[in-house]
Amino acid sequence: MSGINSHIEMGSIDGRSVTKLEDQSLVSPQPMDRKTTALNVAPHRSFFDVGTQEFGRKHILNSTLNSIKIVLFSSKLNLLASCGPLAIVVDKLTNHHGWVFFLSLLGIIPLAERLGWATEQLAFYTGPTVGGLLNATFGNATELIISMHAMKSGMLRVIQQSLLGSILSNMLLVLGCAFFGGGIVHYRKEQVFNKASAVMNSGLLLMAVMGLLFPAVLHFTHTELHFGKSELVLSRFSSCIMLIAYGAYLFFQLTSEKNLYSPISEEGTPTDGGSDDEELPEISKWESITWLFILTSLISVLSEYLVNAIEGASAAMNIPIAFISVILLPIVGNAAEHAGAVMFAVKDKLDISLGVAIGSSTQIAMFGIPFCVVVGWIMGRPMDLNFQLFETATLFMTVLVVAFMLQEGTSNYFKGLMLLLCYLIVAASFFVHIDPKSIQDKPKTNS
């Protein structure tokens with residue numbers, strides 16, 4: 001009985017407490033809700049907010065430091081980055097244009113390489129087609145930036161020759177190294193690539209040759225309706241047509257040819273591109289975009305010093321301006337494409353190598369050159385498509401040679417060696433070439 005009574009007493013105590021709680025909840029449910037909310041939710045929310053903010057700051061700081069570490073210390077070429085500030089110091093303290101040009105040239109190399117790397121990181125998030133276009137676009141950013149600074153200084157021949165040299169360098173040097181490197185590593189088989197894409201790009205390059213050829217022929221045959229004016233009007237009209245053609249090419253590429261940069265199997269059919277050694281991006285999409293803007297700005301600063309030192313460097317080093325513009329400047333600007341194209345060819349991803357090399361040449365020929373003509377038109381500069389007979393003939397022969405190399409849709413180290421030897425012939429030709437147009441334009445430029 002005592003056990004039962006104690007149980008009843010405890011139950012009554014519990015009952016009273018429960019009854020009181022029930023009465024409070026029935027009489028005033030809202031205050032009770034507010035109390036429980038105040039007791040349970042409010043402290044938890046403030047703690048969570050503080051922790052989230054602190055975690056967010058740490059995460060942003062860590063990701064930023066990690067991004068800087070990857071960009072600055074993951075490439076051995078970054079050792080040359082100190083040449084850029086050194087070139088600015090030499091320019092401010094001395095008049096040695098040769099050293100300013102040389103140091104600016106070396107300083108742009110790691111920036112151009114990192115620009116290509118950041119573009120590849122962004123391409124992971126955009127897909128192969130857009131990624132190929134991004135590689136070609138930002139791979140040519142260095143040449144376009146140099147061209148804009150030369151346009152501002154009135155050095156129109158430097159623009160023409162540097163853009164021409166970019167096309168020649170991509171088609172002969174970059175593609176030749178890719179074919180040669182891939183052929184040496186995969187010497188037991190012939191590498192294959194998308195023949196349809198290569199033929200289309202070859203056709204666009206021949207259209208660009210047509211646009212450059214007619215103003216030059218019109219000028220040197222003295223068959224202009226208005227001497228000195230007709231070739232400029234024809235150049236501007238042709239440039240607008242070439243820009244329209246390139247825009248149509250981009251639309252076709254993005255809509256109709258989704259597998260344009262997809263790897264091709266030995267049977268000639270596109271593959272899905274999946275592989276066991278598929279690479280992953282090292283930085284995020286927004287970090288890639290941020291680094292693209294930062295690197296482009298740094299290249300723009302150094303390009304101004306580079307362009308201003310060209311004439312002085314030519315006199316100091318006794319090297320023709322044509323050789324500097326056609327050979328030296330594009331090699332620096334194509335550093336990213338050069339490394340990337342060879343790397344992809346060695347990995348047997350030859351379609352990406354062609355997308356970088358031939359796609360870059362097509363973009364310079366069909367967009368870069370006409371764009372500079374239109375910008376010159378807006379700025380009141382007589383920039384035209386008359387690249388002179390020697391330069392136009394060189395481009396025409398280069399496009400023909402490369403078109404014949406690509407028509408089979410296969411590659412080997414011998415084809416790469418032939419392209420490299422052709423580039424040596426072109427380089428030697430421009431080393432002994434005196435450009436009469438640049439000599440005639442010197443007084444105009446100085447004025």
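With which residue does Glu391 form a salt bridge, and how far apart are the closest N and O atoms? The partner is Arg157, and the closest N and O atoms of the pair are 2.9 Å apart. A salt bridge is defined here as a side-chain nitrogen of Lys or Arg within 4 Å of a carboxyl oxygen of Asp or Glu. The pair links distant parts of the chain, 234 residues apart: Glu391 belongs to helix H15 (residues 389-406) and Arg157 to helix H7 (residues 156-185). Helices (H or I, at least four residues) and strands (E, at least two) are DSSP runs, numbered from the N terminus. Both Glu391 and Arg157 are buried; buried means under 20% relative accessible area, exposed over 50%, and partly exposed in between (1.4 Å probe, protein chains only).

The model is predicted, so local features need pLDDT of at least 70 and side-chain atom pairs count only at pLDDT 80 or more, whereas totals for chains, interfaces and linings use all residues. Residues are numbered from 1 along each chain as its sequence is written, and side-chain values use heavy atoms, with hydrogens and water left out.

In total, the structure holds three salt bridges. Another of them joins Lys189 to Asp348, with 2.7 Å between the closest N and O atoms. Lys189 lies in the loop between H7 and strand E1 (191-192), and Asp348 in the loop between helix H13 (335-346) and helix H14 (350-379), so the pair ties together parts that are 159 residues apart in sequence. Lys189 is partly exposed at 33% relative accessibility, as is Asp348 at 28%.

Glu408 and Lys415 also form a salt bridge, their closest N and O atoms being 3.5 Å apart. Glu408 counts as exposed because its relative accessibility is 55%, whereas Lys415 is buried, with a relative accessible area of 10%.
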